[in-house]
Amino acid sequence: MFPSPLLRRHFSAASGRLTTQILATIIQNKPLKAPPPPHSPQHHHQPIWTSENVTQVLRSIPLHLFQSPRSIGRQISHRHRSPLKQRNLKKETINYRTGSLILGPAAHRDPKTVNAGLEKALEFYYWVEHQFGFQHNEQTCKEMALVLAKGNRMNLLWDFLKNMSRRYINYNKCNKNQTFVTTATITCLIKALGEEGLVNEALSMFYRMKQFHCTPDVCAYNTVIYALCRVGFFKKAKTLFEQMNLPGFKYPPDVFTYTVLISSYCRYALETGSRKAIRRRIWEANHLFRLMIFKGFKPDVVTYNCLINGCCKTNRIGRALEVFDEMSGRGCVPNRVTYDSFIRYYSAVNEVDLAIGMLRMMKERKHGVPSTSSYTPIIHGLCEVRRVVEAAGFVAEMVEGGLVPREYTYMLVCEALELEGKTGLLDEKLRSRVESGVEDRIRRVMETKPNLRWEKSLGVLNGAECSESEASV
């Protein structure tokens, strides 16, 4: 007999309240307590904890306990982030004890709060299993391992994976056993460790896949190659790439493998500070692109955009235009990102007319809708050459298209109009729309969503405690 929709809806609401209550208990570092038994006898047939609820709690622990207070309210973007480097956990521990400055992903992070969150996460993981008879699966095992990886506790992570690899999921229909630790789980851990700056640990995780009876696939190779390229370990990344190109290898490289290497060579070329290294990396990117075409792969728009952007940033506009023409000839339609690379280059070298031509070409061919990133370099370039009237016209064109210019761009145009004595080009209606849009953007950026979730969790917990006390009275 299946439960009615009303009963299922009531049970899901009760399950959501239970998840929030347990999460608030973990945040307040209080002992975990079992909830009271359900009043209705029909609820006994429903499991109290499901895989989705356990996953939700485990995902929320790093958000509330691992995130530093300095990062609350920041923009979720990687545009102005400093280059990622390989971290040394022992050195960071010594710097924290001596009061030295810690930079990187661990900056402004409280180790005591992180350790408390890891302990409560492990306690919750085994508490659900022993208290309620919940059977963990691959998803919950992966989420718990990700919590340990984001907390940078490698010893606990290895022990947890060894313990979980001994457990098996029994499928009665096909009479097969599947371990909790799979190739997809290890791949997610490699990605998380790479984002944390622990690339050597991610590479060690990749080589330990056989220890957990897992076979690396193309996705695992691509993930570890991208993690190595992010911190500048191009020799190790190229070694893995050459291993994939060996004859008879089970998992040869695909389009994404070439795209990762090409984008990494182009993106991190300027970070070296050496002209010889820049030339070498751009040459490697072009060589991989030609090798990719020679082996029969069809580059997509992301591959073309990465190569064009790298050529434009290193002042190789001739090669960028050649790739752009080849892109159109092969039937790959460019998008806004492709044109923005040319617009930024032409605006930086004071060839604003060519940048405007690229913007008009994108509109005429309907290859994309211009964004704020498309108009901003042109407006800055026009202000530098004292073509203030055209800059004001582009600001008006942005507002008519539903875009809001950045605050610095708007102030730059206003100051240039005041110097030229042409403040009347921007009417009051347009100014009010721009200023209100800038204020709304600042308000959205400064919203403290983690604090709101924290207060909500604490409020639900206090309400649950009050209800329990009233019931006892």
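A: One definition before the numbers: a residue is called buried when its relative accessible area is under 20%. Also, this is a predicted model.

Q: OK. What percentage of the protein chain is buried, then?
A: Of the 473 residues in the protein chain, 44% are buried.

Q: And how many helices and strands?
A: The protein chain has 21 helices and two strands.

Q: What about the accessible surface of the chain?
A: It comes to about 26500 Å², and carbon and sulfur atoms account for 54% of that.

Q: How much of the contact set is between residues 24 or more positions apart?
A: Taking contacts with a separation of 6 or more, 67% are between residues 24 or more positions apart.

Q: Which residues have the most contacts inside the largest nonpolar core?
A: Trp 49, Phe 124, Leu 161 and Ile 186, in a core of 122 residues.

Q: What is Trp 49 in contact with, leaving aside its neighbours within four places?
A: Its partners include Leu 18, Thr 19 and Ile 22, then Val 54 and Val 57. Phe 124, Trp 127, Val 128, Phe 132 and Phe 134 are also in contact with Trp 49. Phe 124 is itself among the residues with the most contacts inside the core.

Q: Switching topic. How many disulfides?
A: Zero, from a search of the whole structure. Cys 383 is in no disulfide, and the nearest cysteine sulfur, that of Cys 414, is 9.7 Å away.

Q: How much helix is in residues 217-251?
A: That span is 69% helix and 0% strand, with its end C-alpha atoms 6 Å apart. Residues 371-405 are 74% helix and 0% strand, and there the end C-alpha atoms are 10 Å apart.

Q: Last one: where is Tyr 96?
A: In helix α3, which covers residues 89-98. Tyr 96 is partly exposed, at 38% relative accessible area.

Q: What does Tyr 96 contact beyond four places in sequence?
A: Ile 102, Asp 110, Pro 111 and Lys 112. Pro 111 is 15 residues from Tyr 96 in sequence, and their C-alpha atoms are 8.6 Å apart.

Technical notes
Residues are numbered from 1 along each chain as its sequence is written. This is a predicted model: local features need pLDDT of at least 70, side-chain atom pairs count only at pLDDT 80 or more; totals for chains, interfaces and linings use all residues. Side-chain values use heavy atoms; hydrogens and water are left out. Helices (H or I, at least four residues) and strands (E, at least two) are DSSP runs, numbered from the N terminus. Buried means under 20% relative accessible area, exposed over 50%, partly exposed in between (1.4 Å probe, protein chains only). Contact means heavy atoms within 4.5 Å. Accessible areas come from the Shrake-Rupley method with a 1.4 Å probe; for residues, only the protein chains shown count as cover. A nonpolar core is a set of buried Ala, Val, Leu, Ile, Met, Phe, Trp, Tyr and Cys residues joined through side-chain atoms within 4.5 Å. A disulfide is a pair of cysteine sulfur atoms within 2.5 Å.
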